[in-house]
Amino acid sequence: MRFSIYRFDPDKDVKPYMQEFDIMLEPADKMLLDALIRIKTVDDSLSLRRSCREGVCGSDGMNINGRNGLACITPVSELKEPVVLRPLPGLPVIRDLIVDMTQFFQQYHSIKPYLINNDPPPETERLQSPEERAELDGVYECVLCACCSTACPSFWWNPDKFVGPAGLLQAYRFLADSRDQAAAERLDNLEDPYRLFRCHSIMNCVDTCPKELNPTKAINKIKGMMVKRTV
Amino acid sequence: MVRRIVTGAHYGLLDWLVQRITAVVMTIYVLLMGLILIVSAPHDYVAWKELFANQWIRIFSLLFFVSLCWHAWIGLRNILMDYVHETGIRLTIQVLVILSLLVYVVWAIEIIWS
């Protein structure tokens, strides 16, 4: 199978370049991550992040044939050759397929991704009705792989100011949680032409999400909450 | 000056909402005018003048032009916020956009009520 992979080692290379690999896959190499690990037996200098190898940790996000995705849940049988692999777009490259996620996580932290509840903790859990719990379906499953935010043109142009689809999906996850008491502060924090309103419903995030989530829908629900409290 | 990124301007919702409302106004106007043009089909200057002699057509046309310019301002500012990152240049272009849109509105009033 033929691969064309983005290579850049800042210690050695002046400029990034694409390296061709032609390798024989074993029958067990079902996913792109298996193929990449196979390539590492030929050239162990190829650098990439990976951990759980089953689409839960979100480490191996990369640009696969022009579209962001997780290597570990992308079947090689569905890929057109040569398979062109690049790091996630828009973030600084540390080496080969590894990008610096600092800005991405700064935006994530800026939305306070934890429950805020000032009531004294009860003896057992803070209970939710099945309906209240159902509100979190489709928003809590995010693994923070950054595939969506790095596919978003608005995030490319303003990664320092725009929260991005991943961060906003998480923001809605806590706005939608019946146990959270800081909805008003959360909306105050987001009401900004950059933090929230850079989203122009381009929907690259929906197109690219490996977990098939819908950040645009969550963002529109945040806007809806703002309209409701203002109008 | 300290170089730090500060966000939290506490506006944006109104612009977003206005862009949607003005879009609805413009859609209704275009559909209504399209219908009028199909039904009455004014062929000469006199017929056009007669059409715009109607006060409601004038008011709705002005509403359309104001919506168009307001919608354009929000859209153009969005583009400038995305692509022009130098504050001075952006402010200059924004002022030019506002001034030219205001001229267009005044010009539209003059045409409709002349």
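**A tour of chains A and B**

Start in chain B, where helix α1 passes helix α3 in a left-handed crossing; a crossing is left-handed if the near helix is turned anticlockwise from the far one by less than a right angle, and right-handed if clockwise. This is a predicted model, in which local features need pLDDT of at least 70, side-chain atom pairs count only at pLDDT 80 or more, and totals for chains, interfaces and linings use all residues. Residues are numbered from 1 along each chain as its sequence is written, with chains lettered from A and ligands numbered from 1 in the order in which they are written.

Select residues 13-40 of chain B for α1(B) and residues 55-83 of chain B for α3(B). Helices (H or I, at least four residues) and strands (E, at least two) are DSSP runs, numbered from the N terminus. The two helices pack at an angle of about 140°, with their axes 9 Å apart. Axes are lines fitted to C-alpha atoms, for helices over the stretch in contact, and angles run from 0 to 180 degrees between N-to-C directions. α1(B) and α3(B) are therefore oblique to each other (under 35 degrees counts as roughly parallel, over 145 as roughly antiparallel, 65 to 115 as roughly perpendicular and the rest as oblique).

Next, show the side chains of the contact, among them B:Val18, B:Thr22 and B:Tyr29 of α1(B) and B:Phe60, B:Trp70 and B:Ile74 of α3(B). Residues are in contact if their C-beta atoms, placed from the backbone, lie within 7 Å.

Now move to the place where the chains meet: 16 residues of chain A are in contact with 14 residues of chain B. On the chain A side, select α8 (215-230), which gives the largest share, four residues. Helix α4 (153-157) of chain A also gives two or more residues.

Stay in chain A and colour domain 1 (2-99) and domain 2 (102-230); such bounds come from an automatic or database domain assignment. The domain centres, taken over C-alpha atoms, are separated by 29 Å. In the contact between the domains, 14 residues of domain 1 meet 14 residues of domain 2. Strand β4 (residues 67-70) of chain A gives the most to the domain 1 side, with four residues.

Finish at strand β3 (residues 61-64) of chain A, which runs antiparallel to β4(A) and is joined to β4(A) by four bridges; strands pair if DSSP finds at least two bridges between them. A:Asn63 stands opposite A:Asn68 in β4(A). The hairpin has two residues between the strands, and A:Asn65 takes a positive phi near 50° there.

Note on methods
Two residues are in contact if their C-beta atoms, placed from the backbone, lie within 7 Å.
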